[in-house]
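Here's a quick tour for anyone meeting this structure for the first time. Have a look at it, then read on.

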Amino acid sequence: MLTKEQKMKLYTNLVRVRKLDEIMVKGVLSGKVCGHWSSQKGQEAVGVGATTFLRKDDYIFFCHRGHGITTVIPKGISPRAFIAEHFSKNSGACQGMGCLHVADMEYGAPGLSGSLGGDFVLAAGMGIAAKMRAKGQVVVCIQGDGTYGRGTFHEAALMAANWKLPIVWGVENNQYMVFTPTSDIFPKENMADLAFGYGMPGVVVDGQDVVAVFEAFQTAIERARAGEGPSLIECKTYRIEPHTYGMVDKRCAGLRSPEEIEPWVKKDPVNLFQERLLKEGVLTQADVDRIDREAIEEMEEAERFATESPAPDPQILKQVLYWK
Amino acid sequence: MREVRFIQAINEALLEEMKRDETVFIFGECVRGGTFPHTNGLFEKFGKDRVLDTSISENAIAGAAVGAALAGYRPIAELMFSDFFLIAGDEICNKAAKWRFTHGMKLKMPIVYMASTGGYIRSDSEHSQSVESLIMHTPGLRIAIPTTPYDAKGLLKTAIRDDDPVVYLYHKLLLTKKGEIPDEEYTIPFGLADVKKEGKDVTVVAVGFMVDLSLGVANKLQERGISVEVIDPRTLEPFDIDTIVTSVKKTKRVVIVDEDTLRCGVTGEIGMQIMEKAFDYLDAPIQRVAAANCPIPAGWYLEEHVLPQPPDIAAAILKVLGKDMDISDMKKEKVGFDAVKAFGDLGITKVKQN
């Protein structure tokens, strides 16, 4: 059971991530964000539920959507470093070299594969290292549904299961792969079924319910820390935004209908958890307002910091490629 | 003749060839919806059996193309970004490229591997690469890199009809480029370079998008009395060295421009072929312009320090001519902003940037 403080922390992280998303959208519109922004709005409960209570020395891999917003922020990377990286400033998490590829090994976040699904095999290697080090570290690797089409998952899943590596595979199933519905490319209802061929637990969980996500991951994380090997958790959610912010919103060759999106907007994970906590008496309306205000202040300050930071010095190009 | 965009030219070639030959089909990630909309309209016209959306499975896309080709079809495998050829290296470079050779020349391999290529879009190191040197390096693969709508259509039709595996690369920044194409059917043979601009003082051999940058520089230098000939090889395998040698015999000076890295990039190969065939005609050492030996950084500020820029091309031309001239008016290619606008024109994005 979660304590009151833990529930407050989960809720606060949901709100922080939502406010950061809003700042990123503004950054795209003002031309400060370099490249694109793939909003994870409506899917925050997955990453926040899975990573808020990880140890600092645990490792995380995150899906392309949100560029890690729902995992690296709960894990401890600062919104300043996140936004500054997207503005390609030298104060960014990767000194302005990575843009949407936010990383900081101090928080166990090594980066994001440019080719989707490239992270699975790296997670297997971090699992090998975590097992060798024997300090109880785990690897939480949350990837989008589309990436599970890559052979890399199957190769990594086999290795992890065979060697009982401390890894939790997460599917953030938002039902879309750019314009292609996942149901068009995956023949079964549940991607969690992929687990059984590798002899690991496969669980389906409501991805809009942050507590349900937390509990499913907690069970798998404890199992991994105990040396019993990997698990696969499929979180059912839905992409309410287009593939990238402002992009034409297609389904196959046509357009996606608002009627399809509407029911999922009502299942907003932040609102759902807020209602529940108000009902349980964990939060008062005054708490809700304060958490909102503090999150907005935090993100606006981070945005100002990023805007005012200098661009990277081109001399860095001579230093970054090799260690010496 | 009529004016079309580069992307329409690709689209027309796909439509015409799929109509002409029902063994031609296209598959890849989001080809129905078209992340680059050159596949628009194909699904409506040819249906789900010939226009197939795949999972994110580059190995399966590239490998299934080999299997379908072996079984008598003419697959077009769309890989979206040429960076992802590295994922499917075994299927493209070992299977598609080598199986005809390995299995006694009895197998046809009529595959087109299509993908966008190149940078200047301020994306990142895994979405901005130019891989032509890797492909040109691999015996068994053909490679076509069009730079005009006319070439895009004619080369793609040839690629689809070719019985060998062809890598066909379209540069992201060329997709909105306009140009004239004839109303009647045409194809462009492989291995035939095109002189995009005639000149007498120096030969610039430019690959892909570098043709456009080089033409821009050549036009500016023309005003200052320097006559630059710009040659677009159009295909790197087969490679038309003869057209280049003919030009070198006239100009005696060569600059080679490519967007791939300098080290082991195609500029080195092309330069050496010129040395072997036309050394006696050269009045100065060959100059090369290519990307720095460095991954392409993401973000607003650093890409221009890695990828070739118009001032670099101008400086190389002046150097090979032994001239000194003020070229401060030649600007770097800050095109990230324009790319967003271009994608807006193509209907890929609706975002307006201030």
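Predicted model: local features only at pLDDT ≥ 70, side-chain atom pairs only at ≥ 80, totals over all residues.

Residues are numbered from 1 along each chain as its sequence is written, chains are lettered from A in the order in which they are written, and side-chain values use heavy atoms, leaving out hydrogens and water.

**Helix pair in chain A**
- Helix α4 (residues 79-86) and helix α11 (residues 285-308) of chain A have axes that come within 8 Å and cross at roughly 45 degrees (axes are lines fitted to C-alpha atoms over the stretch in contact, with angles from 0 to 180 degrees between N-to-C directions).
- That makes α4(A) oblique to α11(A) (oblique is what remains after under 35 degrees, roughly parallel, over 145, roughly antiparallel, and 65 to 115, roughly perpendicular).
- Residues in contact (heavy atoms within 4.5 Å) include A:Ile83 of α4(A) and A:Phe305 of α11(A).

**Helix pair in chain B**
- Helix α7 (residues 210-222) and helix α10 (residues 310-321) of chain B pack at about 55 degrees, with their axes 9 Å apart.
- B:Leu213, B:Ser214, B:Val217 and B:Leu221 in α7(B) meet B:Pro310, B:Ile313, B:Ala314 and B:Ile317 in α10(B).

**A threonine in chain B**
- B:Thr148 sits in the loop between β6 (142-144) and α6 (149-161) of chain B.
- B:Thr148 is buried, at 18% relative accessible area (buried means under 20%, exposed over 50%, partly exposed in between, with a 1.4 Å probe and protein chains only).

Conventions
Helix = DSSP H or I, 4+ residues; strand = E, 2+ residues; numbered from the N terminus.
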